[in-house]
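User: I would like to go through this protein and check what each label rests on. Please set the values against the definitions.

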Amino acid sequence: MSSANAIQVQYIGDTTSEIFLQVADTYYIFDVSAGKIYTLPYKLPLIYIKPGIRAGEYLVVSEKGTFLYNISTGDSSFQYLFKDFIYFKNMLIGVIYKDETEKKNNFNLTEKGNLIIRYDQQTKERKVLLDSQLDIDRIEWRGEQIIFSAKGNEYELKNFD
């Protein structure tokens with residue numbers, strides 16, 4: 001049996017019907033409304049999970065980056081563009097950290113801080129929405145708002161459209 005400090009519980013997104021559980025080194029998604037629990041295949045430390053763009057898809061955020069996970073098929077694919085991101089219309093809004101110089105070069109960005117950018121994968125158009133010295137922990141939708149967190153504080157991103 002695991003000790004109490006080895007158990008972590010977080011809601012997934014805005015809903016209380018899906019819960020992300022960690023028990024020791026094993027991760028789960030508990031679908032409260034269906035009464036089902038799914039064991040996730042990841043062996044690396046996970047930070048949090050948020051809803052994907054379709055039902056049954058999740059963005060699983062780890063220390064190494066984000067995976068797109070399909071709960072029905074069990075398929076998982078690493079999303080290499082951003083360590084953390086959200087979907088917005090047909091674009092991505094993602095975080096590029098100040099120490100990711102290669103990624104900044106790939107996007108042809110010269111800003112020095114931690115960046116939140118909007119990126120259209122089809123047109124390759126990009127726009128820097130935020131250049132900050134804040135250590136960004138996560139970015140997620142909360143209703144119609146985009147919230148990013150840094151060291152326990154939360155901020156609303158307002159200029160994303």
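User: Among contacts between residues at least 6 apart in sequence, what share joins residues at least 24 apart?

Analyst: That share is 27%, where a contact means heavy atoms within 4.5 Å. This is a predicted model, in which local features need pLDDT of at least 70 and side-chain atom pairs count only at pLDDT 80 or more, while totals for chains, interfaces and linings use all residues. Residues are numbered from 1 along each chain as its sequence is written, and side-chain values use heavy atoms, with hydrogens and water left out.

User: What makes the radius of gyration agree with a compact globule?

Analyst: The rule is 2.2 Å times the number of residues to the power 0.38, with the radius taken over C-alpha atoms. For 161 residues a compact globule would come near 15 Å, and the protein has 16 Å, which agrees. The C-alpha trace spans about 50 × 30 × 25 Å along its principal axes.

User: How many helices and strands are there?

Analyst: There is 1 helix and there are 15 strands. These are DSSP runs numbered from the N terminus: helices are H or I with at least four residues, strands are E with at least two.

User: Why is the pair of lysine 50 and aspartate 84 called a salt bridge?

Analyst: A salt bridge needs a side-chain nitrogen of Lys or Arg within 4 Å of a carboxyl oxygen of Asp or Glu. In this pair the closest N and O atoms are 2.5 Å apart, so the pair meets the rule. Lysine 50 lies in strand E5 (residues 46-51) and aspartate 84 in strand E9 (residues 84-88), so the bridge ties together parts 34 residues apart in sequence. The rule gives 8 salt bridges.

User: Are lysine 50 and aspartate 84 buried or exposed?

Analyst: Buried means under 20% relative accessible area, exposed over 50%, and partly exposed in between (1.4 Å probe, protein chains only). Lysine 50 has 3%, so it counts as buried. Aspartate 84 has 2%, so this residue is buried too. Buried residues make up 42% of the 161 residues.

User: What makes lysine 151 exposed?

Analyst: Its relative accessible area is 62%, and the cut-off was given above. Lysine 151 forms a salt bridge with aspartate 135, the closest N and O atoms being 3.6 Å apart. Aspartate 135, at 33%, is partly exposed.

User: Which residues are linked in a network of salt bridges?

Analyst: The network links Arg138, Glu140, Arg142 and Glu154. Glutamate 140 and arginine 142 have their closest N and O atoms 3.2 Å apart. Glutamate 140 is buried at 8%, whereas arginine 142 is partly exposed at 30%.
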